[in-house]
2 protein chains.
Amino acid sequence: MNKVIETILEHRSIRKFEDKLLTDEQIKAIVQSAQAASTSSFVQAYSIIGIKDKQKKARLAELAGGQTYVAENGHFFVFCADLYRHQVIAEINDQDAGEVLESTEKFMVAVIDATLAAQNAVLAAESMGLGAVYIGGLRNQLNEVCELLKTPARVLPLFGVAIGYPVHKPDQKQRLPIEHIYHEDEYEQDKALYLAQLEHYDQEISAYYEKRTNGERKDTWTGQMAGLLARPTRMYMKEFVKNKGFNKR
Amino acid sequence: MNKVIETILEHRSIRKFEDKLLTDEQIKAIVQSAQAASTSSFVQAYSIIGIKDKQKKARLAELAGGQTYVAENGHFFVFCADLYRHQVIAEINDQDAGEVLESTEKFMVAVIDATLAAQNAVLAAESMGLGAVYIGGLRNQLNEVCELLKTPARVLPLFGVAIGYPVHKPDQKQRLPIEHIYHEDEYEQDKALYLAQLEHYDQEISAYYEKRTNGERKDTWTGQMAGLLARPTRMYMKEFVKNKGFNKR
């Protein structure tokens, strides 16, 4: 195992950081790493907004549902799908690019571009001894996030990433069995096998929680997922994304 | 600079591979690295299909627009957004999870999950001395791809990743200026500055092509992007994605 794979496999989400800010050099190394990721047809359809302002961080923490580590960290990054840049280019060239920019295809391209960049950023941070956590809670109230960050149309904040010096080292949660995630030549057609894999995984996860809580928690993964499926969340997203000029046609 | 950041910054898309297959151990290390990535609320809403079958690879190469390296590589991975697993869980629990699974929010979650995993996979591969290239061309004819890979509803192939032993080392293309991608505290509000950054970048890219082609090619980035914006592509995506059970409400 080499240093890169070691860093990748060592990943855990860090939710408690030292009260110590990242230096500009660290931020630069993280953003340059993000930029080195592949980008579909070289479109570079994303932007990153780094938050230094303490009040803004506090407000974002509120908006994300009161997650303290959104405010208390070494630096907070917001990764955005960004086709505004291309809108500007269309304007310069007197093009009507609405059809292209508003397509579901380009929405996917922008989300994928931003996410590839983000994962590079996280790994770069982790390789420097820092910890990180993705903040999907940023999508709870995107309208307010956009106002706070003054994003123009065709820019959509997707998630935050809090980075800093870790003060805890949480256990890693066992992922789905590799045979369940990874299929060969075609998607698994054997439903009985598919279900058996899920059941096996449930037993593993259940044992993990039981051990960690001295027998108090007996959750399964499918049980957790059933809980999620029972709670529609962020159902405003379809209209919101459209209003921002994405995913319309 | 550490080994991880070095690997990240060394990235280039490799489109020509030795005729040498990855071992099962290599594939396993790559998939395990993919699985180590963060996943929104632990949903793990993705699957990876590895293609060994030569005929399938050849067909995928055709479908991706005749990209030979889709067929000729060490291994070909297809990364899919996957909410089928959650559909199965809903069925087991007698839940009607349509509203949740078909939401734009969960579509974004699945695309983000799959993409985080993919970037880990690519970096793991690169750290082992392999090269990789993302294949967005897989989205040219997704219907045929889904049939070939026998994916159920609520599974959406997003892109391929060809991995193998590189036989070339292409130049790296200069990314957008860091100040243009990275904003502090709010999105850049100074339009004149924003435009100047694009113009500066155009000059850099233009010089790069001129040097590489002995003066024959004088492309700018905004010129390339204007070209892309003039050609609507994959406009079937909105309906297709919906028919697969994603992004409906």
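A salt bridge is taken here as a side-chain nitrogen of Lys or Arg within 4 Å of a carboxyl oxygen of Asp or Glu.

The model is predicted, so that local features need pLDDT of at least 70 and side-chain atom pairs count only at pLDDT 80 or more, whereas totals for chains, interfaces and linings use all residues. Residues are numbered from 1 along each chain as its sequence is written, chains are lettered from A in the order in which they are written, and side-chain values use heavy atoms, with hydrogens and water left out.

View 1. Glu186(A) and Lys150(B) join their side chains in a salt bridge, with 3.3 Å from N to O. Helix 7 (residues 104-127) of chain B supplies 15 residues, the largest share of the side that touches chain A; helices are DSSP runs of H or I with at least four residues, and strands are runs of E with at least two.

**View 2. The area buried between the chains.** Chain B and chain A bury about 10,100 Å², 65% of it on carbon and sulfur atoms, as accessible area (1.4 Å probe) lost on being put together and summed over both. In chain B, Phe42(B), Tyr187(B) and Leu229(B) lose the most area to chain A, together 8% of what that side buries.

View 3. Strand 1 (residues 46-51) of chain A runs parallel to strand 5 (residues 182-184) of chain B, paired over three bridges, where pairing requires at least two DSSP bridges. Ile48(A) lies opposite Tyr182(B) of strand 5.

Technical notes
Buried area = accessible area lost by both parts, 1.4 Å probe.
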